Amino acid sequence: MAMFDFSLDKLRAYRPEVAAPADLVDFWRRSLEKARTDDLNATFTEVDNKLAVIDTYDVTYAGFGGAPIKGWLHVPAGATGPLPTVVQYFGYSGGRGFPHATNLWAQAGYAHFVMDTRGQGFSVGGGSSTADDSAYAGLNHTPGFMTAGITDPETYYYRRVFIDAIRALEAVRTSPFVDPDRIIVTGGSQGGGIAIAAAGLAGLAGIELLGCAPDVPFLCHFQRALQITDKDPYGEITRFLKGFREHVEPALRTLSYFDGVNLGRLATAPALFSVALMDATCPPSTVFAAYNHYGSAQKEIEVYQYNEHEGGQTYQQLAQLNWFAEIFAGKESSADR
């Protein structure tokens with residue numbers, strides 16, 4: 001894949017007009033209030049992860065509609081807390097998998113929570129077992145998740161996922177291992193889009209995040225993505241609208257409630273983004289649109305000029321290790337106050 005989007009100079013200045021619905025904040029306040037009618041009921045059960053230096057807890061909590069959402073909480077072996085905490089969301093088709101699979105941030109000395117994405121996890125197997133049991137999940141849509149309930153924001157799939165992400169923050173904050181005042185959210189691709197949404201919605205939930213680190217984020221500037229790439233998962237939306245021609249306007253209206261450009265504007269936590277300039281899955285202009293409109297002035301972006309959707313991989317993890325350490329060091333632990 002050659003470079004196909006704007007030049008880097010144009011990307012750095014790219015601030016498109018992405019219309020936000022007038023009731024964006026009200027919609028998400030109502031969604032949060034609806035979720036909180038169900039008891040959070042967070043449980044943490046230690047499991048044998050076969051690892052000598054990491055302890056792992058099987059986590060269940062009530063997400064949107066009261067659905068049981070799974071996760072793993074990893075901590076350094078023998079840790080007592082409260083610890084700086086990294087909450088991670090997964091890319092499209094991913095999930096929490098086996099307990100030994102994803103625990104980098106616990107290796108760095110932090111508490112590390114990974115959230116299963118409802119209905120997904122089929123690319124990793126293992127402990128990914130969170131169903132999307134909503135009555136809305138069976139409506140007509142193209143194969144995949146991108147168009148499930150897309151004609152109405154009330155029924156759209158990502159309404160459930162984004163609320164699950166905020167409830168994950170509420171759940172981990174109840175653990176004695178977690179310092180509720182030192183939480184960073186992160187994720188790649190879909191996980192990056194979820195992290196941006198979590199950063200934008202956290203304030204509406206009364207949660208102050210310390211940072212947001214989305215890598216090559218998906219779910220940003222939908223209208224631009226649909227115009228310049230036919231790769232999945234955005235391609236799912238294109239195929240849906242190709243068949244259901246009468247749903248173009250309702251679908252685009254729905255997507256505006258979930259666009260990382262609009263939700264990122266609400267964020268106040270510092271951010272570390274990444275972008276790959278040959279990425280046809282999450283085109284660079286869609287990432288820069290979200291980055292340039294992101295609400296905090298404390299933000300930076302790592303640029304990988306010759307990479308596709310894999311982005312920086314271990315290079316980005318190293319950048320995050322340095323950035324997380326700096327961010328966490330700048331905030332006093334709740335245990336010291």
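## Basis of the model

This is a predicted model, in which local features need pLDDT of at least 70, side-chain atom pairs count only at pLDDT 80 or more, and totals for chains, interfaces and linings use all residues. Residues are numbered from 1 along each chain as its sequence is written, and side-chain values use heavy atoms, with hydrogens and water left out.

## Overall build

The protein has 11 helices and 9 strands. Both are DSSP runs numbered from the N terminus: helices are H or I with at least four residues, strands are E with at least two. Along the principal axes, the C-alpha atoms fill a box of roughly 55 × 45 × 35 Å.

Of the 337 residues, 58% count as buried. Buried means under 20% relative accessible area, exposed means over 50%, and partly exposed lies in between, with a 1.4 Å probe and protein chains only. The protein exposes about 13,300 Å², and carbon and sulfur atoms supply 50% of that area. Accessible areas come from the Shrake-Rupley method with a 1.4 Å probe; for residues, only the protein chains shown count as cover.

## Aromatic pairs

The structure holds 25 aromatic pairs. Rings of Phe, Tyr and Trp (its six-membered ring) pair if their centres lie within 6.5 Å; planes under 30 degrees apart count as stacked, over 60 as edge-to-face, and the rest as tilted. One of the pairs is Phe27 with Phe258: the centres are 6.1 Å apart and the planes stand at 80°, so it is edge-to-face. Phe27 lies in helix α2 (residues 24-35) and Phe258 in the loop between α8 (248-256) and α9 (260-264), so the pair ties together parts that are 231 residues apart in sequence. Both Phe27 and Phe258 are buried.

Phe218 and Tyr234 also pair edge-to-face, because their planes are at 65°, with ring centres 4.5 Å apart. Phe218 is in the loop between β7 (211-215) and α6 (222-228), while Tyr234 is in helix α7 (residues 234-243), 16 residues apart. Phe218 is buried at 0% relative accessibility. Tyr234 is buried too, with a relative accessible area of 0%.

## Charges over rings

Arg96 lies over the face of Trp72, 3.6 Å from the ring centre. The charged end of Lys299 sits over the ring of Tyr291, 5.2 Å from its centre. A charge sits over a ring if NZ of Lys or CZ of Arg is within 6 Å of the ring centre and within 35 degrees of the ring normal.

## Cysteines

A search of the whole structure finds 0 disulfides. A disulfide is a pair of cysteine sulfur atoms within 2.5 Å. For Cys212, the closest cysteine sulfur is in Cys220, 9.8 Å away and too far for a bond. Cys282 is in no disulfide either; its nearest cysteine sulfur, that of Cys220, is 7.6 Å away. Cys212 is buried at 0% relative accessibility. Cys282 is buried, also at 0%.

## Backbone details

Most residues other than glycine have a negative phi, and most peptide bonds are trans. A cis bond joins Gly81 and Pro82, with omega about -5°. Pro82 is in the loop between β3 (68-76) and β4 (83-89). A cis bond also joins Asp232 and Pro233, with omega about 5°. Pro233 is in the loop between α6 and α7.

Ser93 has a positive phi, near 85°. Its place is the loop between β4 and α3 (104-107), and its relative accessible area is 14%, which makes Ser93 buried. Leu219 has a positive phi near 70°. Leu219 lies in the loop between β7 and α6 and is buried, at 2% relative accessible area.

## A covered helix

Helix α10 (residues 284-293) is mostly covered, with 10 of its 10 residues buried. Among them are Pro284, Phe288, Tyr291 and His293. The cover over the buried residues of α10 includes α1 (8-12), α5 (190-202), α6, α9, β8 (271-276) and β9 (299-304).

Conventions. Contact = heavy atoms within 4.5 Å.
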